[in-house]
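Today I am opening the notebook on a new structure and jotting down what I look up as I go.

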Amino acid sequence: MAIKAVQSVFRKGLFSDKVAVVTGGATGIGRAVTQELLYLGCNVVIASRKEEQLKQAATELKAEIEETLPPRIMHVPCNVRQEHQVTHLFEETLKQYGKLDYLVNNGGGQFVCQAADISKKGWDAVIETNLTGTFLMCQEAHKQWMGEHGGVIVNMLMDMDRGVPMMAHSGAARAGVENLTKSLAIEWAHHGIRVNAVAPVSAAICFLLSPAASYITGETVHVDGGGRLYSPLFWTVPDHKMLRPFHSNEDVEDATKPKSKL
């Protein structure tokens with residue numbers, strides 16, 4: 001049976017026989033990305049540090065799709081801060097599926113704290129997870145497959161254009177990821193690798209992975225309803241329902257209604 005309550009503006013089968021690795025793919029935005037990719041026919045490897053969480057998510061997602069051999073979804077525990085675990089993740093992916101088309105670097109972590117009170121240990125943990133971890137994932141994907149065969153990488157950011165008070169560590173790390181995205185997009189262009197970033201919604205990620213974005217690389221797509229463009233001190237947008245994010249509650253409630261497709 002088809003995945004319940006999952007929607008996509010893209011046609012089913014768009015990613016048939018493709019293979020994606022999604023870090024943080026068991027929860028939140030990562031899970032939404034995984035669901036949509038599965039709905040569109042992709043094989044997905046989800047990864048994070050929490051193995052039980054991965055197992056549960058994989059089991060639930062398997063129950064929602066038509067399972068095939070090899071399995072359409074598999075999970076591999078991985079701490080993106082540990083090089084040997086990152087290496088193992090891609091080795092297992094290639095062992096199972098024989099290729100790698102997409103990498104979605106969604107995994108990350110942070111905590112709320114004033115900059116004056118962040119310990120070096122806390123700072124290092126966030127930088128290593130969000131920035132170094134993203135770099136290690138990109139580098140290993142390039143090394144094990146994409147350097148010779150091409151591919152698409154999407155890195156997850158946050159709304160940080162006006163700074164991120166109370167999360168300076170994460171804002172600094174994500175800003176580094178945005179610059180890394182631009183650098184890799186140029187260095188790896190001749191390998192047929194596109195590298196972009198999203199700040200963040202699953203439908204935008206699927207667009208960047210798709211052939212429709214075949215000439216887009218080094219870009220950051222902001223999915224924030226224009227929020228970064230104004231300050232609430234000088235301008236207020238009234239509450240309204242005319243513009244809403246895809247996969248909002250209203251969309252889920254209307255999941256049975258016909259949807260336009262690209």
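Predicted model: local features only at pLDDT ≥ 70, side-chain atom pairs only at ≥ 80, totals over all residues.

**Entry 1**

Does D101 count as buried or partly exposed? I looked up its relative accessibility and found 15%, so D101 counts as buried. Next I checked the side chain of D101 for a partner, and D101 meets the side chain of K99 in a salt bridge, at 3.5 Å from N to O. K99 is partly exposed, since its relative accessible area is 23% and the buried class needs a value under 20%.

**Entry 1: the other salt bridges I looked at**

I asked for the total, and the structure holds eight salt bridges. One of them joins the side chains of E60 and R31, with 2.8 Å from N to O. This pair links distant parts of the chain, as E60 sits in helix 2 (residues 51–63) and R31 in helix 1 (residues 28–39), 29 residues apart. R31 has a relative accessible area of 19%, so R31 is buried. E60 comes out at 29% and is therefore partly exposed.

Another bridge on my list runs between D224 and R228, where the closest N and O atoms are 3.1 Å apart. I also wanted to know which residues are joined with this pair, and salt bridges that share partners connect D161, D224 and R228 into one network. At 29% relative accessibility, R228 counts as partly exposed.

In what order do the strands of the open sheet run? I traced seven strands in the order 3-2-1-4-5-6-7, and the pairing is parallel. Strand 3 (73–77) and strand 7 (220–222) are the edge strands, each pairing on one side only.

I zoomed in on strand 4 and strand 5 (residues 151–156), which pair in the parallel sense over four bridges. Within this pairing, L103 has I153 in strand 5 as its bridge partner. Helix 4 (residues 120–149) packs on the sheet and touches strand 1, strand 4, strand 5 and strand 6 (193–199). The direction of helix 4 makes about 175° with that of strand 4. I looked at helix 6 (residues 202–209) too: helix 6 lies across strand 4, strand 5, strand 6 and strand 7, and runs at about 165° to strand 6.

I stayed with strand 4 (residues 102–105) and picked N105. Its relative accessible area is 3%, so N105 is buried. Which side chain does the side chain of N105 make a polar contact with? I found the side chain of N155, at 2.8 Å. Setting aside neighbours within four places in sequence, I listed the contacts of N105, among them T23, T134, M137, C138 and I153.

F15 lies in the segment before strand 1 (19–23) and Y102 in strand 4, so the pair ties together parts that are 87 residues apart in sequence. I checked burial here as well, and both F15 and Y102 are buried.

Definitions and conventions:
Residues numbered from 1 in each chain as written. Heavy atoms only, no water. Helix = DSSP H or I, 4+ residues; strand = E, 2+ residues; numbered from the N terminus. Buried < 20%, exposed > 50% of the residue type's maximum accessible area, 1.4 Å probe, protein only. Polar contact = N/O pair within 3.5 Å; in protein donor to acceptor, adjacent residues only side chain to side chain. Contact = heavy atoms within 4.5 Å. Salt bridge = Lys/Arg side-chain N within 4 Å of Asp/Glu carboxyl O. Pairing = 2+ DSSP bridges. Axes fitted to C-alpha atoms, helices over the stretch in contact; angles between N-to-C directions.
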